[in-house]
Amino acid sequence: MKLICTQDNFKKAIYNSERVVAKQNTLPILNNILLEAEKGFLKLSATNLEIGVVVKISAKTEKEGKITIPARFLSNFSTNLPFNDSVLLEISEQNLKIKSGAVKAVIKGLPASDFPLIPKKNTEFLLNISSIELKNILSKVMVATALNEARAELTGVNLILEKDELFFASTDSFRLVEHKLMIDKKNCNTLIYNLFIEKKNNIIIPAATLIELNRIISADTEGEVRMAIEDGQIFFETNGTILVSRLINGKYPEYKHIMPKKYNTRVVGDKKTIQSAVKMASVFAAGKGSEISLKIDSEAKKVFIGAKSVEVGENSTELNFDVSGPSQEIIVNSKYLLDGINTVSTSQVAILLNSESTPVAICEINEKTGEVLGDFVYIVMPIKA
Amino acid sequence: MTNEELWQSALGEIELSISKANFITWFKNTSILSNKDGQIVINVPNGFAKEWLENKYNLHILRALRNFQEDIKSVSCVIATNKESVSREPSVDAIIAPPKTRLDFQKTTASGHESNLNPRYIFDNFVVGGSNELAKAACFAVSQNLGRIYNPLFIYGGVGLGKTHLIQSIGNEILKNNPDFKVKYITSERFTSELIDSIKNQKIHEFKEYYQKIDLLIIDDIQFISGKEKTQEEFFHIFNHLYQLNKQIVLSSDRAPKAIQILEERLRSRFEGGMIADVSKPDFETRMAILRKKVADETIPISNEAIEFIATNVKNNIRELEGALNRVLVSAQLTKQTVTPEYVSQILSELISSGKKKGITHKHIIKVVSEFYDIDPSDLVAKNRKQEVVKPRQIAMYLMRTELQYSYPGIGSKMGGRDHTTAIHAFEKISEITKKDEKILEEINFLKDQLYTII
């Protein structure tokens, strides 16, 4: 192998692939990144056997060939590489020679033949999703995924594929996020898609995969992410990078029925104001559950957020918010509430509820019309008084 | 050969031909999905394993499988997707209310942990009756005048009569009024094991220092230090130290200091130096009062007659009384029945019939008494006046009277044809002694226990 590529591409490719490499591996080769030179491009592959990443960058290839290099080492090397336009890579025997500007290095590698094969996609891409939209959704739905492996299905994000829309959802059984995404028909392989969802329309994608995807998607580009689903695995492709991951085996809990169809009481207010009120109350909230109370006075058009504990004392913040519907008083976990408010990306937040024992919803507000937006819903269960 | 056996055998073969790391990485969680017409389909956990097994290890696997089943032509892999998914609790709601962590807003005394006290035990919920009046009064007085009167305070009585409740109440009362006081409640068993630990870790000095700084030391079930010499010695020193500083010491035991066996004389005399109060079995009225108090907190209606029935039939200790009530309440709740005396008698029939009065005869008494005093049963009824059998004989007669309600002439004839006046004399004499001599009383109580457990 002998090739020249831009240093910028080279660094980015390493950055995007290196992270999936697990820290502890039974198989030493899994600590490595595979570099393959083919006509017109250089391909970097890395995997932890749950997720695989393949990054292609354009390169001027003189001689094809492949080798694997320890990922951490390559990453440390590339981050310390002084700026230069191009990088020259060459294999001689079991070593990789790198030359970039004034820096020269020879790195010992392992033969590429032992490197795991990254699964190849056998089916067509189902649909394309706008990178920015997907990034926005991912950052929101990841909030509620469970960290505890006790229920494996909750450690992933549930994706439901409907004819006209996608539903991303996650829950750790105490709160739930759902984000709806309309499918752009132009970007959808409608025929194949409709056939596919008849067979299978409910999958669970591991949270780690989506964290990786979120990093790989570059927010500044007007790009798209292409998605394909096969038995037990999912493929994403964006910007020349392919991400393949296993899917979580299991049945995601049915959640649609617990989302209230309508809410009686509605509170709308400034996100920052309510954020600080909840944070203040959580200072006073006692115990691991850090319970705070939310009192909505419909007559006075006021919201009181407060907490009290035996050891510390008590507090209350009075907020003059837009209140409609009957008065309510609920107790909620401050962390769960705050997580929900934090994920809201509009400057106004809506809190919707029915009673002290039914789910409470947090939604976004259209800045111009002041209407409650329906795509994103964060639901938290109040604590029983 | 089943698929599973076939795969296990093949794996055994493959394991030998590749490295262990490779084997674990690629063959973990694999199984044969189907075996049809020589075509084997292997279930693999992910796409990586599928690619690897199909492309790199295909020959290995084929060769290994053919050793056991010759007609195998090909091997392919699929990623496991349990389609008939082992749907774990499908009906469960996706989200539930988080558990409430703050159980009660009432104070749980800040130092509750260090003092070992159970905050539930307070004077306010202690039911006072004739049987425990003195003990309660003494404990309350101590809690108001710590270390100045009744030091040490020694409470004794049978199991489940409220000793622990009373002595912990002192601690809780003190902490309520003076949260800064150092209160330590410990059982003598824990005390012993702490002492042993400190000796083992060569921290006996710290152990002593810790105990000598305490304002109120409560030791439960002190009788267990009997026979433990080193514990007694250390306890003696701690006791003296605290006593001289006018720090309060409260002890409880299941018997009077006199009746604790193998207790050093100097400790015994110290225990007796303060105030000794006993709690005895609650009378009917107290039992009623206790039940009423418990029932008041419950939502289930329970009639007065039903309470009376429980109070009449469960006599021995308060713990049993509460247990019986709880049993009635829980089963009433489960079966959604109203609590009537008939219902109670049905629920408690087992408890009551296992009650102790049944089936004891004079023969049991003679047996137990003769065994306890280590004399021959025939001597007990024989016509002689040997010194060593006189007292046991009287006690046997006393027990026949109190426990079996035999008539005096009846007792006389059961005891080898004695006159009924002999029986009267024996009963009166023992009754008189028990009022004065703790030791005899203790013996009699022990005999009663023996008598009822023997059946």
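## Overview of chain B

Chain B contains 21 helices and eight strands. The model is a predicted one. Of the 455 residues in chain B, 33% are buried. Among the contacts in this chain with a separation of 6 or more, 71% join residues 24 or more positions apart.

## The five-stranded sheet

Five strands of chain B make up an open sheet with parallel pairing, and their order is β5-β6-β7-β4-β8. The edges are taken by β5 (183-187) and β8 (275-279) of chain B; each has a single partner strand, so one side of each has no neighbour in the sheet. From one strand to the next, the twist averages 15°.

Within this sheet, β6 (residues 216-220) and β7 (residues 248-253) of chain B are joined in the parallel sense over four bridges. In this pair, B:I218 lies opposite B:V250 of β7(B). Helix α7 (residues 163-177) of chain B packs on the sheet and touches β4 (153-157), β5, β6, β7 and β8 of chain B. The direction of α7 is at about 165° to that of β6(B).

## Nonpolar cores

Which residues have the most contacts inside the largest nonpolar core? They are A:L44, A:M227, A:V332 and B:L53, in a core of 127 residues. With neighbours within four places in sequence left aside, the contacts of B:L53 are B:W26, B:I42, B:V44, B:N58, B:I61 and B:C77.

## Packing of α16 and α18

Two packed helices are described by the angle between their axes and the distance between the axes. For helix α16 (residues 362-372) and helix α18 (residues 387-404) of chain B, the axes come within 10 Å and cross at roughly 140°. The crossing of α16(B) and α18(B) is right-handed.

On the α16(B) side, the contact involves B:H362, B:I365, B:I366, B:V369 and B:S370. These meet B:P392, B:I395, B:A396, B:L399, B:M400 and B:L404 on the α18(B) side. How many of the residues in the contact of α16(B) with α18(B) are nonpolar, polar or charged? Nine are nonpolar, two are polar and none is charged.

Definitions and conventions
Residues numbered from 1 in each chain as written. Chains lettered and ligands numbered in written order. Predicted model: local features only at pLDDT ≥ 70, side-chain atom pairs only at ≥ 80, totals over all residues. Pairing = 2+ DSSP bridges. Helix = DSSP H or I, 4+ residues; strand = E, 2+ residues; numbered from the N terminus. Axes fitted to C-alpha atoms, helices over the stretch in contact; angles between N-to-C directions. Contact = placed C-beta atoms within 7 Å. Core = buried A, V, L, I, M, F, W, Y, C linked by C-beta atoms within 7 Å. Buried ≥ 20, exposed ≤ 12 C-beta atoms within 10 Å, placed from the backbone. Left-handed = near helix turned anticlockwise from the far one by under 90°. Nonpolar A, V, L, I, M, F, W, Y, C, P; charged D, E, K, R; others polar.
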